[in-house]
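Biologist: Can you walk me through this one? Please put the sequence and structure up first.

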Amino acid sequence: MNILVINGPNLNFLGIREPEHYGTKTYKDLVKMIDKNANRLGVKAECYQSNHEGEIVDKIQSAYNRFDGIIINPAAYTHTSVAILDAIKAVNIPTIEVHISDPDMRDEFRKVSYIRQACIETVKGLGFDGYIKAMEDMKEYLINR
């Protein structure tokens with residue numbers, strides 16, 4: 001079971017950026033935790049991060065026929081990117097949206113997610129543990145599908 005984990009803009013600045021929302025652990029810490037838990041779950045996880053919308057679209061498209069599931073934290077593109085939504089719809093790979101903080105508890109504009117309509121689930125507000133839940137839920141979904 002192969003899972004692609006995509007992280008959008010500014011997540012490379014975890015540990016620096018708004019620690020009151022995202023904590024003090026770094027992106028490196030996140031990748032390490034994802035790898036450890038993927039091994040525990042018996043799945044393969046490839047992590048990818050980009051600050052550029054087109055590169056994220058390209059990565060989603062490259063997942064076609066290569067990955068069984070996608071976990072995506074589109075970050076700010078959650079609220080703006082029809083292109084990422086369309087890419088997820090195009091590849092037709094089960095996708096879970098994840099957010100470290102809970103966007104619904106923040107700025108009003110963050111309550112809108114374009115990506116959500118193409119996802120089987122949204123995990124939010126659990127910090128880094130949200131990625132673990134998303135991997136566990138994706139594995140269960142793929143097994144029971």
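Modeller: A term to start with: buried means under 20% relative accessible area, exposed over 50% and partly exposed in between, with a 1.4 Å probe and protein chains only. This is a predicted model, where local features need pLDDT of at least 70 and side-chain atom pairs count only at pLDDT 80 or more, while totals for chains, interfaces and linings use all residues. Residues are numbered from 1 along each chain as its sequence is written, and side-chain values use heavy atoms, leaving out hydrogens and water.

Biologist: What share of the 145 residues is buried?

Modeller: Buried residues are 46% of the 145.

Biologist: How many helices and strands?

Modeller: Five helices and five strands, taken as DSSP runs numbered from the N terminus (helices H or I, at least four residues; strands E, at least two). From the N terminus the order is β-α-α-β-α-β-α-β-β-α.

Biologist: Switching to α2, which of its residues are buried?

Modeller: Tyr-27, Leu-30, Met-33, Ile-34, Asn-37, Ala-38 and Leu-41. They lie on the same side of α2 because they cover an arc of only 135° around the axis, the arc being that of the directions from the helix axis to the C-beta atoms.

Biologist: And what do they pack against?

Modeller: β1 (2-7), β2 (44-49) and α5 (129-144); contact means heavy atoms within 4.5 Å.

Biologist: Which exposed residues sit on the face turned away?

Modeller: Lys-28, Lys-32, Lys-36 and Asn-39.

Biologist: What follows α2?

Modeller: Gly-42, with a positive phi near 75°.
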